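Let's take a walk through this protein together, one piece at a time. Keep the viewer open and click along as you read.

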Amino acid sequence: MRAALVSLFVAVTLGAAALSTSALGQDNAAQEMARRQAMLARLPADAAKRVFGLAVRPAAGPAHAIGDYTKGCVAGAVQLPPDGPTWEVMRPSRNRAWGHPVLIGFLQRLAAGLPTTAGWSGLLVGDIGQPRGGPMLTGHASHQVGLDADIWLTPMPPGRLSAAERDNMSATDVVRSDGRDIDARVWQPQHRRLLEAFARAPEVERIFVNPGIKRALCREAGADRAWLERIRPWWGHNYHFHIRLACPRADTECHDQRPTPPGDGCGADLDWWFTQETKHLTPREPAIGPRVSEMPFGCAALARAP
Ligand SMILES: [Zn+2]
């Protein structure tokens, strides 16, 4: 009985943690600012989160990604312009629209074709990265080397959004409340076509989506389903999906991840996400994280650069 109660408690608290993690990307400007201040109050002066989180300008020099997606940085980052014909940058007050030029160029090119290829009016772009990459004061274990970007599952509305709307409006949750599938009242064929357009792009290394979304894509994909291999289930990702590019060849200090397992990932791999076991494995990022001196060598230097 006692064991049962304890496991119930663990499940409930972890469930709550998972909810708050997935809600982070949705935080409006005031909530984000409160989280930033709370984190800054706890961090030592040489915490990488603090140093990279407060950098307002990119490090000059030829663009290169350094380190791991979850422990790295980027030199020569460029900013995705806040407005383009087929995109708008969301949450502009966070100053996280910076990335490797390879990623920023890719997003602009892909967005241009989406009205035709996917019936998707344009991208609402969420967090990309900080001006020098690195760990952030709030949210995200990755997004550190300028090769990750979050894309909202909401199409670009007609007319331009104001800065205040971009900082405060909520994205669309496309997953059913029990988390086991998409919400049929919200999910549209265009969502599948949008994800397929990204997954088929040769630049994309992998895409993270909620397991309920992966389940829908497995069901809706036709006979040509090789693109599903790049779509990986992960916690959260019900309001946005996350695209990751591979390390550019010239960036010898950038560490690629292990390749995705071969196959469409629609079998036992996906089923696991709907078992009780996953509830106990909600990932948690370290509260303080590494010091600057514990970052890859090139990142410690970049943190100090003018
Ligand atoms: Zn992300």
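Start with Leu107: leaving aside its neighbours within four places in sequence, this residue is in contact with Leu80, Val125 and Ala149. Contact here has a plain meaning: the C-beta atoms of two residues, placed from the backbone, lie within 7 Å.

Before going further, a word on what you're looking at. This is a predicted model, so local features are given only at pLDDT of at least 70 and side-chain atom pairs count only at pLDDT 80 or more, while totals for chains, interfaces and linings use all residues. Residues are numbered from 1 along each chain as its sequence is written. The pLDDT is the predictor's confidence in each residue, from 0 to 100. The protein averages 89 on that scale, and 90% of the residues score at least 70. Residues 1-23 are another matter, with pLDDT below 50; beyond near neighbours in sequence, that stretch has 16 contacts in the model. Where pLDDT is low, the predicted coordinates should not be read in detail.

Now the overall picture. The protein has 9 helices and 11 strands; these are DSSP runs (H or I for helices, at least four residues; E for strands, at least two), numbered from the N terminus. Of its 306 residues, 41% count as buried. A residue is buried if 20 or more other C-beta atoms lie within 10 Å of its own, exposed if 12 or fewer, and partly exposed in between, with C-beta atoms placed from the backbone. Among contacts with a separation of 6 or more, 77% are between residues 24 or more positions apart.

Back to Leu107, which also turns up in the largest nonpolar core. Of the 66 residues in that core, Leu107, Val125, Leu195 and Ile207 touch the most other members. Helix H4 (residues 101-117) supplies the largest share of this core, 7 residues. A nonpolar core, by the way, is a set of buried Ala, Val, Leu, Ile, Met, Phe, Trp, Tyr and Cys residues joined through C-beta atoms within 7 Å. In soluble globular proteins, nonpolar side chains tend to be buried together.

Look along H4 and you'll find its buried residues: Leu103, Ile104, Phe106, Leu107, Leu110, Ala111 and Leu114. How does the span of H4 agree with 1.5 Å a residue? Its 17 residues should span 24 Å, and because its end C-alpha atoms are 24 Å apart, the two agree. (The expected span is 1.5 Å times one less than the number of residues.) Just after H4, Gly119 takes a positive phi of about 60°.

Two residues that aren't glycines do something of the kind in the loop between strand S7 (123-125) and S8. His140 lies in that loop and has a positive phi of about 60°. His140 counts as buried because 20 other C-beta atoms lie within 10 Å, and His143 because it has 27 C-beta neighbours inside 10 Å.

On to the strands. All 6 of the 6 residues of strand S11 (residues 240-245) are buried. Both faces are covered, with His240, His242 and Arg244 on one side and Phe241, Ile243 and Leu245 on the other. In a regular strand the side chains alternate between the two faces of the sheet. Who are the partners of S11? Strand S8 (residues 148-152) runs antiparallel to S11 and is joined to it by 5 bridges, with Asp148 partnering Arg244. Strand S9 (residues 204-209) is antiparallel to S11 as well, over 4 bridges, and here Val204 partners Leu245. Strands count as paired if DSSP finds at least two bridges between them.Strand S2 (residues 71-75) is largely enclosed by the rest of the structure, because 5 of its 5 residues are buried. Lys71, Cys73 and Ala75 point one way, and Gly72 and Val74 the other. S2 pairs with strand S1 (residues 64-68) in the antiparallel sense over 5 bridges, and His64 stands opposite Ala75. A hairpin joins S1 to S2 through 2 residues.

Finish at Ala47, in the loop between helix H2 (29-42) and helix H3 (48-53). Ala47 and Val292 are 245 residues apart in sequence but 5.8 Å apart in space, C-alpha to C-alpha. Leaving aside neighbours within four places in sequence, Ala47 is in contact with Ile288, Gly289 and Arg291.
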